[in-house]
Amino acid sequence: MTTQSTRAIRLDRTTEAVEARHFLILTEPSGARRWLVVGQAALTIGRSEPADIVVADDVISRVHCRIEPHGDSLQVTDLGSTNGTFVDGRRIAESTPLKSGTQFHLGDRAFGYERRLRGEQEDAETLERDLESASRYVQMLLPQPVGDGPVRAAWHFVPCARVGGDAFGYGPIDAGTWGGFILDVTGHGAAAALHAVSILNLIGRKALPGADPRNPAAVVAALNDMFPADSAELPLFSMWAFSYDIAARRLRYCSAGHHPAILVAPPDRQPKPLNTANPLVGMIAGRAFAADEIVLPPAATLYLFSDGVFEIETADNRQLALQDFIPMIAKGAGPSRSEPQRLYREVRALARQGPLADDLCIVTLEFP
Amino acid sequence: MQYKIVDGPAETAIVVLDGKLDYSAAGQIEMPMSVLAGSKKGLIIDLSALTFLASIGIRHLVTAAKAIQRKGGRIVLLRPTASIAEVLATSGVTELIPVVQSDIEARTAIGLAG
């Protein structure tokens, strides 16, 4: 069977509804998850037939590993694969039992194992499809890259499986001004995505009462008034917002609970952190927000990114931080539309196998 | 991540957080923190063994702080490591919750005699 045919594998509701079954959950590169039922027979996973479960991915060997029942659970055995089989982040050398809830990886493709009743599995699949829809909706609202004009923009966005709350926007405010922002809603799931969508729509439609869109501190303050996080259900969010006076080349910016954006500009092209000391949006009612400004020289590049870019765990279990990411920016060869993808590849090469724990979002803005 | 709750005198408690407070660990502390914020007048959150603080963890700290402060109680963060202290400063949590470096300061901050 192939991953494309997995939805055809169904159990008979009348006989199996109350019996716990083994489920393998395959995470697609897009973050979507597919559930596969495992019966009593051993199954192999590989890149092509004769593997029982075919996952067409170069990181996976032709016949990569075997999955088979082991007592009340499953066990996995690597069959001499090139890129290895990892359980809980560690490469396995012999047959390894899987507990329900365990993650394992073939190369960087992630699988989960769950022992569930059929009804539970159907509920979980429905929830995951809803999260996929929420993720797609957020992505539909993101702007297109911009290849010409006073500001050129490119981005790379990888939503995590649970849907984080990252979002961003940019574009002309009026004939003489450009603006943009990145935001990160605390938490994951549909609530974080809904919150991000609300904010995207408010800013995109310039619908913030009393806030001049050319004043990033006023925009953030208006959002702070509109979204007070007075209960656990109303999430906080961090934000880095800017406006750019094209004629004066003046960048005004306001960061709120967000790590710095990084400016790289001639003559030295040393990464320069840009931030202001403001709390997360929604944390403190009625607070004024500070902004700062800087005049940009020609050929400057501004990097906006979410914390999912640097809050990653490496293959050797180190926790990275912002100061580990900034040197990757410094290594850049200069403005390029593929710069966000280059940074993503660098981060991905350092991160441990498997899907990232949070949304990953990188936006580069060039000021020629 | 592991956590430990030690009840103190006069409706206070110390919460010790140990390890990585990431998305999956945040679910473990949400309910206990909410119960403590609702039932105690003073909370010390000992961060000395916390190695990672995700934004969802910040949200739980802020929610607990608002709940306890609304009813006139006090909350304090004790001895964060340098990396956690930076996260607290960047997010602005330090505007809402005081951060101290010693047990005596922490006890004083929640209204207990040092």
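A residue counts as buried here if 20 or more other C-beta atoms lie within 10 Å of its own. Keep that in mind as we walk through this predicted model, beginning with a helix of chain A.

**A helix on the inside**

Helix α4 of chain A covers residues 216-226, and nine of its 11 residues are buried, so the rest of the structure largely encloses it. The buried residues of α4(A) are A:Pro216, A:Ala217, A:Ala218, A:Val219, A:Val220, A:Ala221, A:Ala222, A:Leu223 and A:Asn224. What do the buried residues of α4(A) pack against? Their neighbours are α3 (190-204), β15 (237-245) and β16 (250-256) of chain A.

**Two helices side by side**

Two packed helices are described by the angle between their axes and the distance between the axes. Helix α2 of chain A (residues 118-140) packs on α3(A) at an angle of about 20°, and the axes are 10 Å apart. That angle is under 35 degrees, which makes α2(A) roughly parallel to α3(A). Their crossing is left-handed. On the α2(A) side, the residues that meet α3(A) are A:Asp130, A:Leu131, A:Ala134, A:Ser135, A:Tyr137 and A:Val138. On the α3(A) side we find A:Ala190, A:Ala193, A:Ala196 and A:Val197. By class, the residues of this contact are eight nonpolar, one polar and one charged.

**Sheets in both chains**

Strands of a sheet pair through backbone hydrogen bonds, either parallel or antiparallel. In chain A, five strands make an open sheet with antiparallel pairing, in the order β12-β21-β20-β17-β18. Its edge strands, β12 (152-158) and β18 (272-274) of chain A, each pair on one side only. Neighbouring strands of this sheet are turned by 20° against each other on average, ignoring direction.

Chain B also has an open sheet of five strands, ordered β1-β2-β3-β4-β5, and here the pairing is mixed. At its edges stand β1 (2-8) and β5 (99-100) of chain B, each with a single partner strand, so one side of each has no neighbour in the sheet. Two helices of chain B lie across strands of chain B. Helix α1 (residues 23-39) lies across β1, β2 (12-21) and β3 of chain B, running at about 170° to β2(B). Helix α2(B) lies across β2, β3 and β4 of chain B, at about 145° to β4(B).

| Strand pair | Sense | Bridges |
|---|---|---|
| β17(A) and β18(A) | antiparallel | three |
| β3(A) and β5(A) | antiparallel | three |
| β5(A) and β6(A) | antiparallel | six |
| β4(B) and β5(B) | parallel | two |

You can look for individual partners in these pairs. A:Ile262 has A:Pro273 in β18(A) as its bridge partner, and A:Ile45 has A:Cys65 in β5(A). A:His70 is bridged to A:Ser73 in β6(A), while in chain B, B:Leu77 stands opposite B:Val99 in β5(B). The hairpin of β5(A) and β6(A) has two residues between the strands, and in it A:Gly71 takes a positive phi near 60°.

**Where the chains meet**

How many residues of chain B are in contact with chain A? There are 17, and they touch 21 residues of chain A. The elements giving two or more residues to this side of chain B are β3 (42-53), α2 (55-70), α3 (82-91) and α4 (93-96) of chain B. The most come from α2(B), with six residues. By class, this side of chain B has seven nonpolar, seven polar and three charged residues.

Conventions:
Residues numbered from 1 in each chain as written. Chains lettered and ligands numbered in written order. Predicted model: local features only at pLDDT ≥ 70, side-chain atom pairs only at ≥ 80, totals over all residues. Contact = placed C-beta atoms within 7 Å. Helix = DSSP H or I, 4+ residues; strand = E, 2+ residues; numbered from the N terminus. Nonpolar A, V, L, I, M, F, W, Y, C, P; charged D, E, K, R; others polar. Pairing = 2+ DSSP bridges. Axes fitted to C-alpha atoms, helices over the stretch in contact; angles between N-to-C directions. Buried ≥ 20, exposed ≤ 12 C-beta atoms within 10 Å, placed from the backbone. Parallel < 35°, antiparallel > 145°, perpendicular 65-115°, else oblique. Left-handed = near helix turned anticlockwise from the far one by under 90°.
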